[in-house]
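Please read the points below alongside the sequence and the structure.

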Amino acid sequence: MRCVRTPADLLVHDAELLATVDDGRREIPGGWVAVTDGVVTGVGGPGDPAPAAVRRVDARGCLVTPGLVNTHHHLYQNLTRAFAPALTGGLFEWLVTLYPLWARLDEEAAFVSAYVGLTELALSGCTTSTDHLYVHPRGGGDLISAEVAAARELGVRFSPTRGSMSLSVEDGGLPPASVVQDDDDILADSKRLVDAHHDRSPHAMTRIALAPCSPFSVSPALMRRTAELAEDLDVRLHTHLCETRDEDAFCLATFGRRPVDHLADVGWLSDRVWLAHVVWPSADEVARLGAARVGAAHCPSSNMVLGSGLAPVAELRAAGAPVGLGVDGSSSADSASLWLEARTAMLQGKLRHGAGAMSARDALEMATRGGAACLGRTGEIGELSVGACGDLAVWSLEGPAFAGALSDPVEAWLRCGPVAARHTVVAGRSVVEDGVPVHPGLDEQLAVHRRVSAWIQAAV
């Protein structure tokens, strides 16, 4: 325990249980956490003297955890949520149906979808989210900067990726020509966005990564050049890989290589990289990914909705690969609740390997520390320890859903429910308070979202 003598900005106190998910995985009944200037300045229990505080949050009857970390999303896709013509196909059919709609994206659409999507995530206890925006229609404007503006307005920690597609259907890829770009344009804009928004300082609110979309939508040359640029700029790399059997077949037919071999060929088998889905690697490929410390964003709901399969999560973690959780795009998962993804990850782990194979603590660790490792922010986010970012979630364990759940607050958190955060705090400031987003603009933005969504869906 360490406690400051001067008043803290925020003190969350008297938790039923404080699950720090720190290096020692401390769990403190009756615990408290203090935050000053956006950083955790004290953690302790009932026997430790807590500091005075400008603001106090009573966490009696609650589990307190680090803020959850979302490692894979497509925020713009909430504009085509549960879109009926795309609901029965697999990944490739789903994409082909939706590409023409997404070709209508512009800055207004990017801003409002990010605003609504990040608010939805915050309601589920998420304090840091990445995003993978890979559709950049001609004339659409600066979509990534529009997303960053929404995140800053809401006060959430944001790590968007400059996604890209360069291989159209005319070139043997999957997307239409209207949503692909030239390699040089992609790389120039990638550098521009890093220069404009990437904050390298500790506890940064905004960081940028580079993210060519997938093996079936970008060329090997773009993958290689993006890896070189990321090395020069010292930023992280993200892409989809090993998501479906169709992707395996595509890579074998197009490159004569399986997806992980292709990843190595283009210089991406490194600890700078985290991958979305990773459902179908072989045992040997799991070992290779783990040895290289390549991260994986596990997206359990999306993998089920699209019929992609059950990812080898336990095997990846055992091999040394950091594994985080992702809600994925709303057009495949339709719900952006990181609590739901943690619960589903726990259930899938039990389904794959047996009842004792995946606990609520395993799922919480993936949703926090695992996500931090994927984003290259171990020790900064995803844990409650002195010096870490002051990001946390307070979860009520009271009411009918939790009646009788007396023995283990962490297991109750995922086994009971469904649960939304009572309070979500980013850098010591509330973004959700008493279950309600604190920013006053939500109703206005929901009206804008409905108008923009209707216009985009009218393309079909």
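A residue counts as buried when its relative accessible area is under 20%. Val21, with a relative accessible area of 7%, is therefore buried. The model discussed here is predicted.

**Backbone geometry**

- Val21 belongs to the loop between β2 (17-19) and β3 (27-28). Its phi is near 50°, which is a positive value in a residue other than glycine.
- His277 is likewise not a glycine, yet its phi is positive, at about 90°. This residue is part of strand β13, which covers residues 273-277. His277 has a relative accessibility of 2% and so counts as buried.
- A cis peptide bond joins Gly417 to Pro418, with omega near 15°. Pro418 is located in the loop between α13 (409-415) and β17 (423-426).

**Aromatic pairs**

- The count of aromatic pairs comes to 9.
- One of these is formed by Tyr76 and Tyr134, with 6.0 Å from centre to centre and 85° between the planes. The arrangement is edge-to-face because the planes are over 60 degrees apart.
- Tyr76 lies in the loop between β8 (68-70) and α1 (91-102), and Tyr134 in the loop between β9 (126-133) and α3, so their pairing ties together parts that are 58 residues apart in sequence.
- Tyr76 and Tyr134 are both buried.
- A single aromatic cluster is made up of Tyr76, Trp94, Tyr99, Trp102 and Tyr134.

**Charges over rings**

- Arg104 places its charged end over the ring of Trp455, at 4.0 Å from the ring centre.
- The ring of Trp280 has the charged end of Arg245 over it, 3.9 Å from the centre.

**Contact of two helices**

- Two packed helices are described by the angle between their axes and the distance between the axes.
- For helix α2 (residues 107-123) and helix α3 (residues 143-154), the axes come within 8 Å and cross at roughly 35°. The crossing of α2 with α3 is right-handed.
- On the α2 side, the contact involves Glu107, Ala110, Phe111, Ala114, Tyr115, Leu118 and Thr119. On the α3 side, it involves Leu143, Ala146, Glu147, Ala149, Ala150, Ala151, Glu153 and Leu154.
- The residues of this contact comprise 11 nonpolar, 1 polar and 3 charged.

**Buried loop residues and their contacts**

- Cys416 is situated in the loop between α13 and β17. Its relative accessible area is 18%, so Cys416 is buried.
- Apart from neighbours within four places in sequence, Cys416 contacts Trp339, Ala401, Phe402 and Ala405. Ala405 is 11 residues away from Cys416 along the chain, and the C-alpha atoms of the two residues are separated by 8.2 Å.
- Ser219 is placed in the loop between β11 (209-212) and α5 (220-233). With 16% relative accessibility, Ser219 counts as buried.
- Which residues does Ser219 contact, leaving aside its neighbours within four places in sequence? They are Ser166, Leu167 and Asp183.

Methods. Residues numbered from 1 in each chain as written. Predicted model: local features only at pLDDT ≥ 70, side-chain atom pairs only at ≥ 80, totals over all residues. Heavy atoms only, no water. Axes fitted to C-alpha atoms, helices over the stretch in contact; angles between N-to-C directions. Helix = DSSP H or I, 4+ residues; strand = E, 2+ residues; numbered from the N terminus. Left-handed = near helix turned anticlockwise from the far one by under 90°. Contact = heavy atoms within 4.5 Å. Nonpolar A, V, L, I, M, F, W, Y, C, P; charged D, E, K, R; others polar. Phe/Tyr/Trp six-rings, centres within 6.5 Å; stacked < 30°, edge-to-face > 60°. Buried < 20%, exposed > 50% of the residue type's maximum accessible area, 1.4 Å probe, protein only. Lys NZ or Arg CZ within 6 Å of the ring centre and 35° of its normal.
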